[in-house]
Amino acid sequence: MKKTLVLLLAVWLCGICGAQAAQLNKVAAVVNGQVITMFDLQKNAMPELARARLNPGDPKQTQAVDKVFRKVLDMMIMDILLAQEAKRLKISVSPAEVDNEIAKLMKARNLTKQQFEAQLAQQKVSVGEIRENFEKSLLRQKIMGMEVGRKVVVTPAEIKEYYEAHKDSLYERSGLHMGVLVYAPNVNARSIAAQIKSGKLSFEEAAAKYSIAPNRDKGGDMGPVEWDRLNPEWEGRLARMKPGDVTELFDLQGRKAQVHLFRPGGGASKQLTLEQATPQIDAILRQPKAVERFEGYTSQLRSKAVIDIRL
């Protein structure tokens with residue numbers, strides 16, 4: 001069904017002419033003089049439309065399709081603003097840095113270059129698109145570090161207060177792995193999650209049988225957790241888990257998913273002292289502050305920008 005919808009979306013996007021082509025050449029928005037065309041917008045929205053199983057040609061889905069377009073346009077506007085800001089701050093991302101991120105991704109998924117490119121081809125995603133996404137992500141991280149991270153302060157008093165309230169859940173995190181289970185669309189995720197929670201089914205067994213994520217043959221094991229490279233959402237999710245914990249169901253790119261935090265080979269969790277836990281607590285407390293400041297920072301960028309939306 002999904003493949004069929006992706007094909008329909010591709011035909012809809014590419015197989016147009018005359019008045020429709022003229023429509024695509026129209027401007028969706030102008031951001032500080034930089035144009036976003038309807039073609040660019042619809043191309044970027046296509047994966048989101050496919051995940052939501054929306055057909056732009058169906059009049060009954062017009063409202064839902066428009067909502068996706070506006071969400072994607074908002075993201076594209078922010079990408080442009082951050083790219084312009086990076087230029088102002090003389091921040092750049094080198095091809096070698098992107099290569100390094102791709103290498104880490106392939107290592108985490110235990111894929112060769114040929115296997116990785118084959119997966120991308122199957123998903124109708126080009127290497128160029130992946131590189132562009134990594135470049136945007138790295139730029140965002142660098143801007144956050146320069147303009148946001150250094151301005152976020154976590155005090156010793158806040159750290160001590162957090163330690164006293166949560167010391168039973170603060171443990172040695174080195175050597176921990178993350179397992180990911182992304183449920184196939186044709187299975188009852190709630191029923192399987194309930195079996196995992198009750199102990200009737202292990203996370204590894206469920207991943208091997210029901211997951212469509214990489215490394216399902218290894219029980220969903222994505223390898224060691226690189227805590228300093230987690231984005232805020234994943235840091236917030238994993239930092240509050242103990243080894244052996246499995247999350248409740250959550251949405252991941254339109255699919256139901258669960259995460260398992262574990263230490264290969266088992267072993268008891270070692271509780272940390274205040275001094276040992278300080279870097280970990282600092283990261284936990286810093287993350288929401290950084291997100292809040294970054295949201296304020298991007299709001300400032302928007303308020304100073306000349307943005308003309310023409311949808």
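Trainee: What counts as a salt bridge here?
Mentor: A side-chain nitrogen of Lys or Arg within 4 Å of a carboxyl oxygen of Asp or Glu. Keep in mind that the model is predicted.

Trainee: How many salt bridges does the structure hold?
Mentor: It holds 15. One of them pairs glutamate 48 with lysine 71, at 3.3 Å from N to O.

Trainee: Where do glutamate 48 and lysine 71 sit?
Mentor: Glutamate 48 is in helix 3, residues 38-51, and lysine 71 is in helix 4, residues 62-88. They are 23 residues apart, and the pair links distant parts of the chain.

Trainee: Why is glutamate 48 classed as partly exposed?
Mentor: Because its relative accessible area is 22%, and buried means under 20%. Lysine 71 is also partly exposed, with 46% relative accessibility.

Trainee: Switching to helix 4. What does arginine 70 pair with?
Mentor: Aspartate 66, in a salt bridge of 3.1 Å, N to O. Both lie in helix 4, four residues apart, about one turn of the helix.

Trainee: And what accessibility do they have?
Mentor: Arginine 70 has 41% and aspartate 66 has 32%. Each counts as partly exposed.

Trainee: What about glutamate 158?
Mentor: Its salt bridge is with lysine 289, with the closest N and O atoms 3.0 Å apart. Glutamate 158 lies in helix 8 and lysine 289 in helix 12, so the pair ties together parts 131 residues apart in sequence. Glutamate 158 is partly exposed at 29%, and lysine 289 is partly exposed at 28%.

Trainee: Which residues are linked in a network of salt bridges?
Mentor: Asp79, Glu132, Lys136 and Arg140.

Methods: Residues are numbered from 1 along each chain as its sequence is written. This is a predicted model: local features need pLDDT of at least 70, side-chain atom pairs count only at pLDDT 80 or more; totals for chains, interfaces and linings use all residues. Side-chain values use heavy atoms; hydrogens and water are left out. Helices (H or I, at least four residues) and strands (E, at least two) are DSSP runs, numbered from the N terminus. Buried means under 20% relative accessible area, exposed over 50%, partly exposed in between (1.4 Å probe, protein chains only).
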